[in-house]
Amino acid sequence: MPVYQHKLPLRTAAVLGAGVMGAQIAAHLANAGIQVHLLDIAPKEGDKNAIVRGALKKLGKMKPNPLASRDAATRIIPGNFEEHFDRIAGAEWIIEAVIENLDIKQQLMSRVEEIAHPGAIISSNTSGLPLRLISEGRSEEFKRRFLGTHFFNPPRYLPLLELIPTPDADPDLISYMQWFGRTHLGKNTVVAKDTPNFIANRIGAYAIFQTVRFFTDGDYSIEEIDALTGPLIGRPKSATFRTIDVVGVDTLAYVGENLYQAVPDDESRQAHRPPALLKKMVEQKLLGAKSGKGFYQKVKKEILSLNKETLEYQPRRPLRLEGLEEYSKIADLRERYKALYADTGRIGAFIRQTTLDLLGYAARRIPEITGNPADLDNAVCWGFGWELGPFRIWDVIGMKKILEDMKSAGIAWPAWVDEMVQAGAESFYRGDVSSPEVYRPGQGYAPLPAYSDRINLNVVKNKKEKILIERKEAALLDIGERVALYEFRSKSNTLGRDVVEGLMEAIDFVEQHDYHGLVIGNEGKNFSVGANLGEVAYVIQQGNFELLEKMTEAFQKMILRIRYARKP
């Protein structure tokens with residue numbers, strides 16, 4: 001019987017290929033307590049495990065660290081394809097992560113089929129090759145337990161895991177991998193269709209090339225584009241060009257060129273072709289962080305940026321983005337995005353053009369890459385660190401407004417959006433936190449998936465009877481099964497006086513009432529950024545050192561109270 005039908009966690013795995021992704025996937029599996037055989041080709045001379053040993057050595061130097069602990073590293077066993085390929089016979093999950101070459105992958109899968117346990121799960125981490133071709137020539141039984149498992153770099157930190165079933169894959173296998181990925185690997189899983197670059201990279205790469213052209217073909221500077229495509233619109237600090245430098249200019253150019261070749265029927269195919277500037281940069285070895293020069297170059301303490309005409313580096317120039325500082329002060333992302341979109345200057349021109357172009361492209365990719373707008377949003381957010389996916393952004397600006405502006409800009413949208421509007425729908429998402437729904441083409445509104453073993457604090461907080469204690473910056477909630485949860489609600493979940501006092505009160509409450517124990521947790525971006533330094537600074541400015549001493553003492557008492565609580 002296949003291992004996945006037992007619904008038990010996996011204990012052993014084999015990762016074939018010790019490149020950047022293969023080694024980090026092995027590390028993440030080891031973090032989850034899995035024993036991993038990491039194999040690669042054997043050099044013609046010297047230590048036959050040299051490639052894998054070198055990859056493991058690099059893991060220890062990478063930042064952020066792919067390994068959660070030193071113990072995790074001991075669970076990775078190095079080997080090579082020549083001497084140790086028979087080890088995969090004992091693996092419950094075999095992951096192929098070798099070079100993106102179809103012939104090599106097919107040959108490897110032929111060897112895997114000969115040796116793998118008949119119940120083992122077999123997957124590929126490919127991002128650019130069709131899964132159906134990788135498994136071509138294999139038996140029907142092999143194909144039933146074969147799928148794509150596409151991790152995002154770095155695997156330990158980015159939550160997305162795309163699962164790509166072929167038509168022959170066992171539905172039970174997909175259900176199992178969704179469960180295992182979520183509960184044991186800490187992943188948010190999305191099931192994607194077997195199309196080029198799947199969901200996240202298809203949309204994310206389009207968005208990157210789209211913004212790069214505002215530099216290569218427009219009059220926006222590198223710094224201006226990064227200022228407009230980072231936290232200001234709910235995306236990572238690395239924004240556009242810092243992200244490219246980290247990923248590698250050559251890698252991005254390779255992804256774009258491959259995608260261009262792979263999607264002959266994509267009406268926006270030309271947009272995936274890398275701008276000529278990227279090709280020049282690759283020729284000049286301006287590859288990003290790995291070469292020390294990309295779109296940015298750090299010289300001593302100064303960060304210089306690329307001159308697109310000369311390929312030389314120049315000091316930062318003033319931003320020509322009037323109103324940027326005021327917009328950045330709008331705390332609510334949705335309100336901020338609406339304000340940016342409505343801006344009448346260079347900021348608004350950039351935001352409107354990129355937004356409309358991206359939303360149109362995302363809508364036109366349904367149902368090609370997925371039939372569910374929520375899966376597209378989730379894949380991009382979990383894979384690229386965005387806070388708002390394309391269809392969430394569409395709802396923020398408004399269905400009618402976006403369609404009017406698309407029409408004015410000459411941007412096409414698919415027929416299913418018209419059908420949706422004709423049916424009376426005014427947004428892609430609807431419903432409250434307890435019963436959210438998303439519009440699915442051909443189906444109408446359908447519930448967003450909910451997991452019985454996952455607690456949604458937003459749902460709990462909306463029920464008054466679940467609130468046991470409520471303070472200015474914290475609350476004690478009943479999360480069911482006689483377990484309470486203490487939630488920080490301070491800015492960035494800082495630990496100030498109210499939070500510290502409230503935690504002491506929460507422990508007292510749980511000990512004195514019929515509760516099994518207490519969870520300290522929240523669903524914030526940060527569990528806690530630490531002590532409330534603003535509060536500390538204010539007390540110091542007031543010269544109230546007696547109060548500061550009391551605050552420090554209270555913090556220490558709180559730590560001890562947690563340590564010696566009578567209930568867990």
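Of the 101 residues in the largest nonpolar core, which touch the most other members? In this predicted model, they are I94, F295, F391 and W394. The contacts of W394, leaving aside its neighbours within four places in sequence, are with L359, A363, M399, I402, L403, M406, V417 and F428. Another core lies apart from the largest one and has 36 residues, including L10, A27, L173 and L185.

Two of the residues in contact with W394, L359 and I402, also take part in the packing of helix α15 against helix α18. Helix α15 spans residues 346-364, and helix α18 covers residues 399-409. Their axes come within 10 Å and cross at roughly 100 degrees. An angle of 65 to 115 degrees counts as roughly perpendicular, and α15 and α18 are therefore roughly perpendicular to each other. On the α15 side the contact is made by L356, L359 and G360, which meet I402, D405, M406 and A409 of α18. Sorted by class, this contact of α15 with α18 has 5 nonpolar, 1 polar and 1 charged residues.

Helix α15 also packs against helix α8, at an angle of about 150 degrees and with the axes 10 Å apart. Angles over 145 degrees count as roughly antiparallel, and α8 and α15 are therefore roughly antiparallel to each other. The crossing in which α8 passes α15 is right-handed. From α8, the residues R202, I203, Y206, A207, Q210, T211 and F214 take part, and they meet F350, Q353, T354, D357, L358, Y361 and A362 in α15. The contact of α8 with α15 comprises 8 nonpolar, 4 polar and 2 charged residues.

A further partner of α8 is helix α16. Helix α8 runs over residues 200-216 and α16 over residues 373-384, and their axes come within 9 Å, crossing at roughly 70 degrees. This angle also falls in the range from 65 to 115 degrees, and α8 and α16 are therefore roughly perpendicular to each other. Helix α8 passes α16 in a right-handed crossing. The residues of α8 in this contact are A200, N201, I203, G204, A205 and I208, and those of α16 are L376, A379, V380 and F384. By class, the contact of α8 with α16 has 8 nonpolar and 2 polar residues, with no charged residues. Residue I203 of α8 meets α16 and also belongs to the contact with α15.

The loop between β8 (188-191) and α8 contains T195. Residue T195 is buried, because its relative accessible area is 14% and the cut-off for burial is under 20%. Leaving aside its neighbours within four places in sequence, T195 is in contact with R202, E368 and I369. Of these, R202 is also one of the α8 residues in the contact with α15.

Another loop residue, R482, lies between β16 (474-478) and β17 (483-488). With a relative accessible area of 40%, R482 is partly exposed. The contacts of R482, leaving aside its neighbours within four places in sequence, are with D514, Y515, H516 and G517. Residues R482 and G234 are 248 residues apart along the chain, and their C-alpha atoms are separated by 37 Å.

How values were computed: Residues are numbered from 1 along each chain as its sequence is written. This is a predicted model: local features need pLDDT of at least 70, side-chain atom pairs count only at pLDDT 80 or more; totals for chains, interfaces and linings use all residues. Side-chain values use heavy atoms; hydrogens and water are left out. Axes are lines fitted to C-alpha atoms, for helices over the stretch in contact, and angles run from 0 to 180 degrees between N-to-C directions. Helices (H or I, at least four residues) and strands (E, at least two) are DSSP runs, numbered from the N terminus. Angles under 35 degrees count as roughly parallel, over 145 as roughly antiparallel, 65 to 115 as roughly perpendicular and the rest as oblique. A crossing is left-handed if the near helix is turned anticlockwise from the far one by less than a right angle, and right-handed if clockwise. Contact means heavy atoms within 4.5 Å. Ala, Val, Leu, Ile, Met, Phe, Trp, Tyr, Cys and Pro count as nonpolar, Asp, Glu, Lys and Arg as charged, and the others, Gly among them, as polar. A nonpolar core is a set of buried Ala, Val, Leu, Ile, Met, Phe, Trp, Tyr and Cys residues joined through side-chain atoms within 4.5 Å. Buried means under 20% relative accessible area, exposed over 50%, partly exposed in between (1.4 Å probe, protein chains only).
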